[in-house]
Amino acid sequence: MTPDRSTLLLADDDPTIADSLAPFLERAGFHVLVVSDGMSALEKAQAHHPELIILDVLMPRMDGREVLRRLRRSRVWTPTILLTQVGEASERALALEEGADDYLNKPFDPHELLARIRAVLRRARPGERSLSAAWLLSASDLSLDRRARRATLGGETLDLTPKALAVLEYLMTHPDEAISRERLLEAVWGWEYPAGTRTVDTRMAELRRVLDDDPAEPRFIETISGEGYRFIAHVEAEG
Amino acid sequence: MPRKWWINLLLFSLPPVVGLISGILAHSFLPPEVPILFQADLGIAAFVFGGVVRQWSFFAFLLGFLITLILILLYLWDVRSVRQAKVMIVESLREMEQNRRNFLRRLDHEIKNPLTGLRAALVNMQETQAVDERQHAVEHAGRAVTRLSRLLADLRKLSDLGERPIEHVYVDVPGWLQDAVDAAHVLPAFEGREVSLLIPKVPSPFPSVTGDRDLLVLAVYNLIENALKFTCAEDSVEVRASEDGQFVVIEVADSGVGVPPEDLPKIFEELYRGSNARSTEGSGLGLALVKRIIALHNGQIHVRSSQAEPRGTVFTIRLPVTKRG
């Protein structure tokens, strides 16, 4: 494991989680600051400028979403992973609305969190607004209006099912990243499904057909054999 | 011949007096929720009516009296319906409370077992020095965590199903059922087993249904998993489709030992475990999920089972056919 001295701010009010995750992340080479409520998270984020923030949603004094909203309002674009609560499907969409870079459903495997931290850090552009916090995304002649839930290709509105649109949204906010089918399932569907990987492949085929993207010579979505998919076009944030 | 003054006075004052007496009677015998305005209104209405048409004041009195009577009867009827509705609400609340208690009791039981295993595994990890025993304890802890996670994931699916919108797309029935059977191949219970998929060749193409394909796959997958769990290698499991023009009928049938009759009405309840299901793996939420998914698709699900020859269990799903436009 290569040491990475990045500073992480971990905000979770449950000591059983924070006290177990912090040493795990330290072992992985990070410097970890731990706080147990939203207000302290906000203060520490502004005072210590960590490279990444991990925020639980339900916390005393200020919930994780409010912390994130306030940070983004004061133009702090520190990459943030939101730890969402089980059972709230709408939270996934909300996490994106508040500008979280990624989100993870509890209960999760600590290794999954580590993988997510590394991916977000790799993607981060210091001091810049992340793609996850932008409403309008574009890649060549493809653009996605996340608020209006509409995608256009060369100015023509694409006819996509809500799930295919959500898949496109996830891919465009995580460009150049190998995304496994399982990850897509969790992020877009929110559940584990039997035949889940086939489910993802079916949507991907729909998306490719509509985008007129040839899997053999892809412009947008590349299949990584045995791993998943990658959005290969350069994505710009517009709004 | 002009009436005597006291007859006039009597006729004039009778309606309000009757209204007043009715009001007092109503006030004394009707429940407090009957508005007081109604009692006063009767007297006032009769008084005004009697006063305006003096020469017909006897009819005014009669009318006031009849109106009073009809309104009292209406109110009595209304109060009775309210009382009946209240009884029904109390009963359904009691039933809901009972269901909630059952659910919590079952949940407590489902959590207690893996948690006890986990605690024992942690103690073993702390106390034992032997590497293989520690490894053994770690594996046990992992299994307990997997079981708890599965329970939580299924609970989440159940609560999500009521809240999030489902997709409404054409679902091709043969493809849907094939996916569910294919998905079941990864189940440990599938090893060495076969699930027959029977789809009629006529009509062609087979009628479609509308809904959320992923959820429908999950529903049939759960039924197949259930069938595999409660049958042995010699038993057969079949998934078959038919249609009658109005409905698509999907059956998942097995030739296993069958469900005891006393368990049959309860098997769709959340976390209910029948007497022959106590030792089997699973969250106890699989069939509750199936029922919820089918209801979300405006469908119905039934089960019939026999423990005597010819034995077996058949789950039948009926979903409305969608005509392609």
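This is a predicted model: local features need pLDDT of at least 70, side-chain atom pairs count only at pLDDT 80 or more; totals for chains, interfaces and linings use all residues.
**Figure 1. The residue that follows helix 8 of chain A.** Helix 8 of chain A covers residues 196-211, 16 residues in total. From its first C-alpha to its last, helix 8 of chain A reaches 23 Å, close to the 22 Å expected at 1.5 Å a residue.

**Figure 2. The buried and exposed sides of helix 8 of chain A.** The buried residues of helix 8 of chain A are Gly196(A), Thr199(A), Val200(A), Arg203(A), Met204(A) and Leu207(A). Seen down the axis of helix 8 of chain A, these buried residues fall within an arc of 135°, so they line one face of the helix. On the face of helix 8 of chain A turned away from that buried side are the exposed residues Ala205(A) and Arg209(A). The cover over the buried residues includes, from chain A, helix 6 (162-173), helix 7 (181-189), strand 11 (221-224) and strand 12 (228-231). Helix 6 (213-229) of chain B is also included in this cover.

**Figure 3. Ile221(A) and its contacts.** Ile221(A) lies in strand 11 of chain A. Ile221(A) counts as partly exposed because it has 19 C-beta neighbours inside 10 Å, whereas a buried residue has 20 or more. Leaving out residues up to four places away in sequence, Ile221(A) touches Leu171(A), Met204(A), Leu207(A), Arg208(A), Asp213(A), Tyr229(A) and Phe231(A). Val76(A) is 145 residues from Ile221(A) along the chain, and the C-alpha atoms of the two are separated by 31 Å.

**Figure 4. The two domains of chain A.** The domain assignment of chain A gives domain 1 (7-123) and domain 2 (134-237). Taken over C-alpha atoms, the centres of domain 1 of chain A and domain 2 of chain A are 25 Å apart.

**Figure 5. The contact between chain B and chain A.** On the chain B side 18 residues are in contact with 16 residues of chain A. The elements that give two or more residues to the chain B side are helix 4, helix 5 (173-184) and helix 6 of chain B. Helix 4 of chain B provides the largest share of this side, eight residues. By class, the side of chain B that touches chain A has seven nonpolar, two polar and nine charged residues.

**Figure 6. The two domains of chain B and where they touch.** For chain B the domain assignment gives domain 1 (1-164) and domain 2 (169-320). The contact takes 11 residues from domain 1 of chain B and 11 residues from domain 2 of chain B. On the domain 1 side, the elements that give two or more residues are helix 3 (57-127) and helix 4 (131-163) of chain B. Helix 4 of chain B gives the largest share of that side, seven residues. The domain 1 side divides into six nonpolar, no polar and five charged residues.

**Figure 7. The largest nonpolar core.** This core has 43 residues, and those with the most contacts inside it are Ala180(B), Val217(B), Ala219(B), Val220(B) and Ile224(B). The elements that give two or more residues to this core are helix 5, helix 6, strand 4 (237-243), strand 5 (247-254), helix 7 (286-296) and strand 7 (312-320) of chain B. Helix 6 of chain B gives the most to this core, with 11 residues. Not counting residues up to four places away in sequence, Ala219(B) touches Val290(B), Ile293(B) and Ile294(B). A second, separate core has 29 residues, including Leu10(A), Leu21(A), Leu55(A) and Val120(A).

**Figure 8. Helix 7 of chain B and its surroundings.** Nine of the 11 residues of helix 7 of chain B are buried, so this helix is largely enclosed by the rest of the structure. The buried residues are Gly286(B), Leu287(B), Ala288(B), Leu289(B), Val290(B), Lys291(B), Arg292(B), Ile293(B) and Ile294(B). The buried residues of helix 7 of chain B pack against helix 4, helix 6, strand 6 (300-306) and strand 7 of chain B. Just after helix 7 of chain B, Asn298(B) has a positive phi of about 55°.

Conventions. Residues are numbered from 1 along each chain as its sequence is written. Chains are lettered from A and ligands numbered from 1 in the order in which they are written. Helices (H or I, at least four residues) and strands (E, at least two) are DSSP runs, numbered from the N terminus. The expected span of a helix is 1.5 Å times one less than its number of residues. A residue is buried if 20 or more other C-beta atoms lie within 10 Å of its own, exposed if 12 or fewer, and partly exposed in between; C-beta atoms are placed from the backbone. The arc is that of the directions from the helix axis to the C-beta atoms. Two residues are in contact if their C-beta atoms, placed from the backbone, lie within 7 Å. Domain bounds come from an automatic or database domain assignment. Ala, Val, Leu, Ile, Met, Phe, Trp, Tyr, Cys and Pro count as nonpolar, Asp, Glu, Lys and Arg as charged, and the others, Gly among them, as polar. A nonpolar core is a set of buried Ala, Val, Leu, Ile, Met, Phe, Trp, Tyr and Cys residues joined through C-beta atoms within 7 Å.
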